[in-house]
Structures are given as structure tokens and as C-alpha cells.
Amino acid sequence: MTTAPPAAPTATAWRHRHLLDVDALSSSEIGLVLTGALRMADVARGDRDRPGTLRGIGLTTLFYEASTRTRVSFEVAGRLLGADVVTVAASASSVTKGESLLDTMRTLEARGARILVMRHATSGAPYLVARQFGGSVVNAGDGRHGHPTQALLDLYTLWRRLAPDADPASAFLAGRKVVILGDVLHSRVAHSNLWTLTAAGAEVWVCGPSTLLDGFEAWAGAGVGGTRPFRVTTDLHAALQDADAVMALRLQRERMTAGLLPSLGEYAARYGLTAERLAAARPGALVLHPGPMNEGLEIAPEVASGPQSLVTEQVANGVAVRMAVLTLLNEARTAR
Ligand code: CP
């Protein structure tokens, strides 16, 4: 193990005290996160000493919805940076006695929280908190709306796999076809990924049954950010044809109203990502899934754990990406 700390990502072009979604980030800011994550990867793997960038800083995770990957990786990232990490599960807090979101935030701030990583079932909840909180808010997933650090870790994973020598602030996915498959309607991961993937120049195809694509045709035509169109189709074979990467999404039964799907079996039969279907993609096409996975439903077990799957790599990369985000936010906050 070496003793020299890694160079911290520079925040010269980073303007944000909060990370609420990726739509606020310029390409150069996305590049700062990705290069920062690359520097942090050795620390995350335990191959380099911890930098102590957040020593003495209170980092609180406040989750109103269940999470394994996001909560744990933020907590690991915070500890690796030296932060004082506190975990709050809303289900075990005074929220169950009627405490409001803003009261909870004020309580945590009074207790020393300077960075608040929050997940909430209501789209926009982190924006409300950010207006009142004195420190930095990180959106760890809000309703159907956004999941910025998931999109950034997915982009980091594709960068390292498909274009490791390219400038991460550039259109390094130009000429690459990336498919987002499944329940895009309810997916905050899809919304945030559409932003980052198109910003990186990918040709993005969104595919699923028509009932789970409602509104996406209009968005695809207008383009992400009004300038970056993408494709929408119900034809899974056409979507997968010559794809470089496929991102399967979890079927979000907890957000689904009745009648959107004839049955789960029908969905698996028509839209499940099987090895046979994946054969239409480029040889060795990359398979991503944000997790948690419903194996046998949106993705076949042999694909989920097959040689093309990056699912565990995504989880591992999540720590380094979140370390980079926390570092950048802290630098921006303390520079004010
Ligand atoms: N991808 C993701 O958000 O997973 P968790 O719900 O386990 O955090």
C-alpha cells in the first residue's frame, strides 16, 4: 500500500453545492466526476491510503425507501473519505410519529449533518430539502424522477469499458448504441441515464411495452435538453440489433398501477433479456442493470451472471463515483 494520497478531483469547473439531478451538470462537470472517480478507484479497492478529505464532516444518509447498493456505497464512500457517517432509516425514525420531512432535516442539521444523502418516494423531495438545508443535499433517488449518482456510475462503467482513453467530458460514446430496456415509465434510473448517455454522444434506444413508454415518444422527438433525440420502440429485436450495451431495468411493481401489463409471465416472455435475444446485439455487448434485479422476469439468470454482465462492476464503481461526488460537493460548499 502506498502512502501518498491521490490527487483530489479539482472543482475549478464544478458549480454545485447540491447534486439533485444530472440535468444540472455540464459535460465538463460530468468529466470531473468521472476523472475524480478514476482517482478514487484505488482507495475504494483498498490499494491506496484514505485521503481524509471529509474528516470531521457530518454525512447523514436519510432513506425513506429501501436501498442496498446506494445507501451502503454512500456510507462506504463517506467513511473512506473520513466523514462522520450517520445512517437514518425513516422507518425507524420519528417520521413514523408524524415528523415532517423538513423537521427531520432540521433535526439532522442541528445534530451536525453537513451532507445529506436522501432517498424519497416523492419526486422533487430533495429539491424541497435543498432549499432549506444549510449544507449539501445529494439525491439518492426521488420517486420516478432522478437517480443522478446511478447514472454517473453507469456512465463511468461504460467509459472504462468502451473508451478508457477518451476524455470523459467528450462525446466518448459517439457511434455506440445503448439500449434502455423495460419499465422506463417508473424508472428514475432511465430518466437520469437518458441525460448522461446522450450527453456522452450515445445513440440511445428505449424499449418496452407501449404501456411503459407513455410520454417517451414526445420526449424522444423533442430531444433530451431540447437537442439530443433518442429512439423509442416496442420492438425488442430492433432495439437489440447491433447494440453495444443493454441496460435492463427493474419492473417497479410498487409504483405500478393496475392494468399496465397483462401478466408478469407475459412481460418476461416478450421483454425479458435472455441469452437468445442478446445474441442480436454486438458480440460481447455489455449488460448493465442498476439492481435490485428480478431474475427470470426482466433479465434471465444466465444473462444476469453471465460473462457480459457488469452488474457487480457497477456496484463496485458506485463507491468511487460517490467519493468523487462527495469530494466535489464538499469543495464547492466550503469554497463559498
Ligand atoms: N440501484 C439502486 O438504486 O439500488 P438500491 O435500491 O439497492 O439502492
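Strand S1 (residues 58–63) and strand S3 (113–120) run parallel and are joined by six bridges; strands here are DSSP runs of E of at least two residues, helices are runs of H or I of at least four residues, and both are numbered from the N terminus. Within this pair, Gly58 stands opposite Ala113 in S3. The model is predicted: local features need pLDDT of at least 70 and side-chain atom pairs count only at pLDDT 80 or more, while totals for chains, interfaces and linings use all residues. Residues are numbered from 1 along each chain as its sequence is written, and side-chain values use heavy atoms, with hydrogens and water left out.

S1 and S3 belong to an open sheet of four strands with parallel pairing, in the order S2-S1-S3-S4; two strands count as paired if DSSP finds at least two bridges between them. Strand S2 (84–89) and S4 each have a single partner strand and stand at the edges, so one side of each is left without a neighbour in the sheet. From one strand to the next the twist averages 15 degrees. Helix H4 (residues 125–132) packs on this sheet and touches S3 and S4, contact meaning heavy atoms within 4.5 Å. The direction of H4 makes about 170 degrees with that of S4; axes are lines fitted to C-alpha atoms, for helices over the stretch in contact, and angles run from 0 to 180 degrees between N-to-C directions.

## The five-stranded sheet

An open sheet of five strands, also with parallel pairing, has the order S7-S6-S5-S8-S9. Its edges are strand S7 (231–233) and strand S9 (286–288), each with a single partner strand, so one side of each lacks a neighbour in the sheet. The twist here averages 20 degrees from one strand to the next.

Strand S5 (residues 177–181) pairs with strand S8 (residues 245–248) in the parallel sense over four bridges. Val179 stands opposite Val246 in S8.

## Domains and their interface

The chain is assigned domain 1 (22–147 + 316–335) and domain 2 (148–314), with bounds that come from an automatic or database domain assignment. Taken over C-alpha atoms, the centres of domain 1 and domain 2 are separated by 25 Å. The contact takes 34 residues from domain 1 and 31 residues from domain 2. About 2,700 Å² are buried between the two domains, 62% of it on carbon and sulfur atoms; buried area is the accessible area (1.4 Å probe) that two parts lose on being put together, summed over both. Val22, Arg144 and His147 supply 28% of the area that domain 1 buries against domain 2, more than any other three residues.

One salt bridge is counted between domain 1 and domain 2, the term denoting a side-chain nitrogen of Lys or Arg within 4 Å of a carboxyl oxygen of Asp or Glu. Arg188 forms a salt bridge with Glu65, with the closest N and O atoms 3.0 Å apart. The elements that give two or more residues to the side of domain 1 that touches domain 2 are helix H1 (27–45), helix H2 (69–80), strand S3, strand S4 (136–142) and helix H12 (311–334). H1 provides the largest share of that side, 10 residues.

## Local backbone features

A cis peptide bond joins Gly291 and Pro292, with omega about -10 degrees. Pro292 lies in the loop between S9 and helix H11 (301–304).

Asp242 has phi near 60 degrees, a positive value in a residue other than glycine. Asp242 is found in the loop between helix H8 (236–240) and S8.
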